[in-house]
Amino acid sequence: MMLHVFDTDTLSLYRYGHAAVVQHALTHPAEELAITVITVEEQLSGWYTLLRRAKLLTDMASVYDRLAETVTFLSRTRILSFTEAAITHYEQLQSLKLRIGTMDLPIAAITLAHNATLVTRNRQHFQFVPGLEIKDWTV
């Protein structure tokens, strides 16, 4: 079984029906698809930010609805944690001083710890991570 880990961007594409991403996902059993706890953090923190900015109660209600939908969606998804093995990979990657996004580094480390393939269209950052297999399902 080959585990495929969606980065945050790819998860959003999948969730909102990007045809190519959905088609690729359908060729794999659900147990081969996962996200990292970092993606969960990014998804939820985005909604929290919108809640703090909401001025009108109707806006707040709308954001809470979307937050609830997000939690329901994420709860049906396999979530990989930031384990001791991932921390080891993270520290090794940190020592390389890679120029990638702050949240991309732990996503890569978790993916490496699971010997998985990262599904992303962000080759610009992830291509520099040694040993990380990347696939772009948007094409």
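Two strands are taken to pair if DSSP finds at least two bridges between them. Helices (H or I, at least four residues) and strands (E, at least two) are DSSP runs, numbered from the N terminus. The structure is a predicted model, in which local features need pLDDT of at least 70 and side-chain atom pairs count only at pLDDT 80 or more, while totals for chains, interfaces and linings use all residues. Residues are numbered from 1 along each chain as its sequence is written, and side-chain values use heavy atoms, with hydrogens and water left out.

By these criteria, β2 and β3 run parallel and are joined by 2 bridges. In this pairing, T36 has L80 of β3 as its bridge partner. The strands belong to an open sheet of 5 strands with parallel pairing, in the order β3-β2-β1-β4-β5. Its edge strands, each pairing on one side only, are β3 (79-80) and β5. Strands β1 and β2 also run parallel, joined by 3 bridges, and F6 stands opposite I35 in β2. On the β4 side, β1 pairs in the parallel sense with β4 (residues 117-119) over 3 bridges. There the bridge partner of F6 is V119 in β4.

In a regular strand the side chains alternate between the two faces of the sheet. In β2, L33 and I35 point one way and A34 and T36 the other way, and all are buried. Here buried means under 20% relative accessible area, exposed means over 50%, and partly exposed lies in between (1.4 Å probe, protein chains only).

A pair of aromatic rings is described by the distance of the centres and the angle of the planes. Rings of Phe, Tyr and Trp (its six-membered ring) are paired if their centres lie within 6.5 Å; planes under 30 degrees apart count as stacked, over 60 as edge-to-face and the rest as tilted. The structure holds 4 aromatic pairs. One of them, between F6 and W137, is edge-to-face, at 5.6 Å centre to centre and with 80 degrees between the planes. Because F6 lies in strand β1 (residues 4-6) and W137 in the segment after β5 (133-135), this pair ties together parts that are 131 residues apart in sequence. Both F6 and W137 are buried. The rings of Y14 and F73 have centres 6.5 Å apart and planes at 45 degrees, so the pair is tilted. Y14 belongs to helix α1 (residues 8-15) and F73 to helix α4 (residues 57-75), so parts 59 residues apart in sequence are tied together by this pair. Y14 is partly exposed, with a relative accessible area of 29%, whereas F73, at 13% relative accessibility, counts as buried. F6, Y14, F73 and W137 form one aromatic cluster.

Pockets were identified on a 1 Å grid over the protein atoms alone, a pocket being an open set of points with protein on both sides within 12 Å along at least five of seven lines; a 1.4 Å probe fits at the points, and lining residues have an atom within 4 Å of a point. Grid points are joined across faces, edges and corners, and a volume is the space filled by probe spheres set on the points. The largest pocket has a volume of about 220 Å³. Its lining comprises 15 residues, of which Y14, A30, L33, R76 and T77 lie nearest the centre. The elements giving two or more residues to this lining are α1, α2 (19-26) and β2 (33-36). The most is given by β2, with 3 residues. The lining of the largest pocket divides into 11 nonpolar, 2 polar and 2 charged residues. In this division, Ala, Val, Leu, Ile, Met, Phe, Trp, Tyr, Cys and Pro count as nonpolar, Asp, Glu, Lys and Arg as charged, and the others, Gly among them, as polar.

R121 is found in the loop between β4 and α7 (123-126) and, at 42% relative accessibility, counts as partly exposed. With neighbours within four places in sequence left aside, R121 is in contact (heavy atoms within 4.5 Å) with D9, T10, L13, D136 and T138.

Most residues other than glycine have a negative phi. K97, which is not a glycine, has a positive phi of about 55 degrees. K97 lies in the loop between α5 (84-95) and α6 (104-113) and is exposed at 69% relative accessibility. N115, likewise not a glycine, has a positive phi of about 50 degrees. N115 is placed in the loop between α6 and β4 and counts as exposed, at 67% relative accessibility.
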